[in-house]
Amino acid sequence: NDYINKIRVKVRGNIILPLGVSGNPEAVFVVNQAVDGTVLDIRLKKSSGNAALDAAIEKALTKSSPLPKPDNPEVFSRSIEFKFRPLDD
């Protein structure tokens, strides 16, 4: 989905990966946002197994507020599930 990819690119630009991350663990967050993209709430749904990585992703999500808006307003979702793996593009 192009909309989620826009968000992923912005968040990736704000993340500072901690030292010692091995493999490509996946963390899953649920992000609630306002209509203007302002992040209202972030909840860890599935830990990567690395607390420092989870914290770095959450911090990057917060720093990325407001999130990019979709080109088509009809695909906007107030709540989005965001999956992040450090080695994925």
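1. Before anything else, a salt bridge here is a side-chain nitrogen of Lys or Arg within 4 Å of a carboxyl oxygen of Asp or Glu. With that in hand, Glu26, Lys46 and Arg85 are linked in a network of salt bridges. By this rule the count for the structure comes to four salt bridges.

2. Some housekeeping on what you're looking at. This is a predicted model, where local features need pLDDT of at least 70, side-chain atom pairs count only at pLDDT 80 or more, and totals for chains, interfaces and linings use all residues. Numbering runs from 1 along each chain as its sequence is written, and side-chain values use heavy atoms, with hydrogens and water left out.

3. Now the fold. The protein chain has two helices and three strands, and the order along the sequence is α-β-β-α-β. The radius of gyration is 13 Å, close to the 12 Å that the globule rule gives for 89 residues, so the chain is as compact as a globular protein of that length. Helices (H or I, at least four residues) and strands (E, at least two) are DSSP runs, numbered from the N terminus. The radius is taken over C-alpha atoms, and the globule rule is 2.2 Å times the number of residues to the power 0.38. Along the principal axes, the C-alpha trace spans about 40 × 25 × 20 Å.

4. How is the chain packed? Contact means heavy atoms within 4.5 Å. Of the contacts with a separation of 6 or more, 74% are between residues 24 or more positions apart. Buried residues make up 37% of the 89; the cut-offs are under 20% relative accessible area for buried, over 50% for exposed, and partly exposed in between (1.4 Å probe, protein chains only).

5. Which side chain does Asp71 meet in a salt bridge? The partner is Lys6, at 2.7 Å from N to O. Asp71 lies in the loop between α2 and β3 (79–84) and Lys6 in helix α1 (residues 2–14), so the pair ties together parts that are 65 residues apart in sequence. Asp71 counts as exposed at 63% relative accessibility, whereas Lys6 is partly exposed at 27%.

6. Glu26 and Lys46 meet in a salt bridge at 3.6 Å, N to O. Glu26 sits in the loop between α1 and β1 (27–33) and Lys46 in strand β2 (residues 39–46), so this pair ties together parts that are 20 residues apart in sequence. Lys46 is partly exposed, with 40% relative accessibility.

7. The next residue along has a bridge as well: Lys45 pairs with Glu81, the closest N and O atoms being 2.6 Å apart. This pair links distant parts of the chain, with Lys45 in strand β2 and Glu81 in strand β3, 36 residues apart. Glu81 counts as partly exposed at 36% relative accessibility.

8. Have a look at the loop between α2 and β3, where Ser64 is found. Is Ser64 buried or exposed? At 0% relative accessibility, Ser64 counts as buried. Leaving out residues up to four places away in sequence, Ser64 touches Lys10, Val11 and Asn14.

9. The peptide bond from Ser65 to Pro66 is cis, with omega near 0°. As background, most peptide bonds are trans.

10. Two last residues. Ile16, in the loop between α1 and β1, is exposed at 68% relative accessibility; its C-alpha is 9.0 Å from that of Lys59, 43 residues apart in sequence. Ala52 lies in helix α2 (residues 51–63) and is partly exposed, with a relative accessible area of 42%. The C-alpha atoms of Ala52 and Tyr3 are separated by 27 Å, at 49 residues apart along the chain.
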